[in-house]
Amino acid sequence: MDKQQTVKFVDTIAERICRLSDDIWDNPELAYREFRSAALQKEALRELGFTVTENVAGIATAFSGSFGSGRPVIAILGEFDALAGLSQKAGADKCTPVVKGGNGHGCGHNALGAASIAAAAAVRQYLLETKKPGTVIYFGCPGEEGGSGKAFMARDGAFADADCAITWHPASQNIVSKNRNSANVQIKYRFTGRAAHAASAQKGRSALDAAELMNTGVQYLREHMPATCCLHYAFTDAGGVSPNVVQPRAELLYLIRGKNSEEAAALKARVDKIARGAAMMTETSVRIEFIKACSDYLPNDTLDAVAQKNAETIPLPKYSAEERDYAARLAKTYGGSGRGLRSYLEKRLAPEVAEPFKKHIGEPLYEFVLPLAKSRTTTKGSTDVGDVSHCCPTVNFNASCLAADTPGHSWQQTAQGKSSVMHKGLLWAAKVMAATAVDILNEPQTLEAAKEEFAKLTGGKPYVCPIPPNVKPRPIG
Ligand SMILES: [Zn+2]
Ligand SMILES: [Zn+2]
């Protein structure tokens, strides 16, 4: 069995894998409550010949499926959690929730996990037939959305033995990610005051005032924080609906980003001070509760180049007129396509490299692989793949599964979760991952180079999880 046959193996399980993706889409579950989704993936792993380990890191919906023995140990990462409020009819071209306010797969994690299982199964077949040394492990990682499942798994040493990790994400472009995503930390600030009738408010101490003063303090902090930091917050409890009551309780959920975990932690310490100051000003008390954190993502040029070469070699899906027409109709609902591609071409690539791709701006589906850009630090989002990238060299790429420039976490994205374009994209992604794993198995010098690069980036320091040891993963809301 060679690389080409490994890639072709994905086609032999395509029907099973697309069914798995669709089944998970049909029952969207939120972070750390993905019991059915995890069960469906474990069932598929067993059918495909993997040894399943449950409760990885003591998390009920974290698991792994492994095959083979010896080194290298190749980790393939998958997800399966959904988002709140994004329930949506499959194939809709206007917002049509199935369950009002219900959950939906607005980030494509149904496809993410299914494709990663397909890739792991193809690598398993390769190891089985060639009898080469090596281990492939699919990691079922829960709670990516707001839960940093992989960081909790990494804290427990789940990836400590891996030589490298491979993953992907559904998107509207075929592109190897070179974004050095931010680290983040999520904190609850819970203020407690004293209730009173608002007409005799002198007796009360308002937790809502404290929360508002905290946010005001944070606005003044923004000017004095590094440009690579971001501060976001939500009122998760404003104390109720009665204006004639002095609110005795209020709660804020903060998401604090920095270029790395140290920077995010330093900013968190300053936000904590503001929270305590607000409590002091209002004679209320504040409880500061650490929810989760994730590390910045470290791209690996060596592995990125391997994935890029495979992405450019493995034939891309072909689309029908109907598929292009649906994508074009959807694009009209979010202001048309082209912005994302134009921005990438202008900001990330040299003009002469970008030029041949300009003709694609405005197309409904992107049917090409973008050239590799240089890695850059970005404040545009975080991923818990970051923690894996601090444990071993990691490669992460996007595959075109969606109408061009589909907004993330949107009803339009959920609507495309079971489409033929999604199926084609996830199978292509599985092939790129499988081919990359075969290259790593066959070229020890590539893995060595990836590890040297990794050691340089981390300064040889062992992974330190940004989540304190006593914090347990848990659902939000
Ligand atoms: Zn997401
Ligand atoms: Zn996602």
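Colleague: Among contacts in the protein chain between residues at least 6 apart in sequence, what percentage join residues at least 24 apart?

Modeller: Two residues are in contact if their C-beta atoms, placed from the backbone, lie within 7 Å, and for this chain the share is 82%. This is a predicted model, in which local features need pLDDT of at least 70 and side-chain atom pairs count only at pLDDT 80 or more, while totals for chains, interfaces and linings use all residues. Residues are numbered from 1 along each chain as its sequence is written, and chains are lettered from A and ligands numbered from 1 in the order in which they are written.

Colleague: How do helix α9 and helix α16 pack?

Modeller: Two packed helices are described by the angle between their axes and the distance between the axes. Here α9 (residues 301-313) and α16 (residues 444-458) pack at about 140 degrees, with axes 7 Å apart; the axes are lines fitted to C-alpha atoms over the stretch in contact, and angles run from 0 to 180 degrees between N-to-C directions. Helices are DSSP runs (H or I, at least four residues), numbered from the N terminus. That makes α9 oblique to α16, since angles under 35 degrees count as roughly parallel, over 145 as roughly antiparallel, 65 to 115 as roughly perpendicular and the rest as oblique.

Colleague: Which residues meet there?

Modeller: D301, T302, L303 and V306 of α9 meet T446, A449, A450 and E453 of α16.

Colleague: Which domains does the assignment give?

Modeller: The bounds, which come from an automatic or database assignment, are 3-180 + 296-458 for domain 1 and 183-294 for domain 2. Their C-alpha centres lie 35 Å apart, and 11 residues of domain 1 are in contact with 12 residues of domain 2.

Note on methods. Helices (H or I, at least four residues) and strands (E, at least two) are DSSP runs, numbered from the N terminus.
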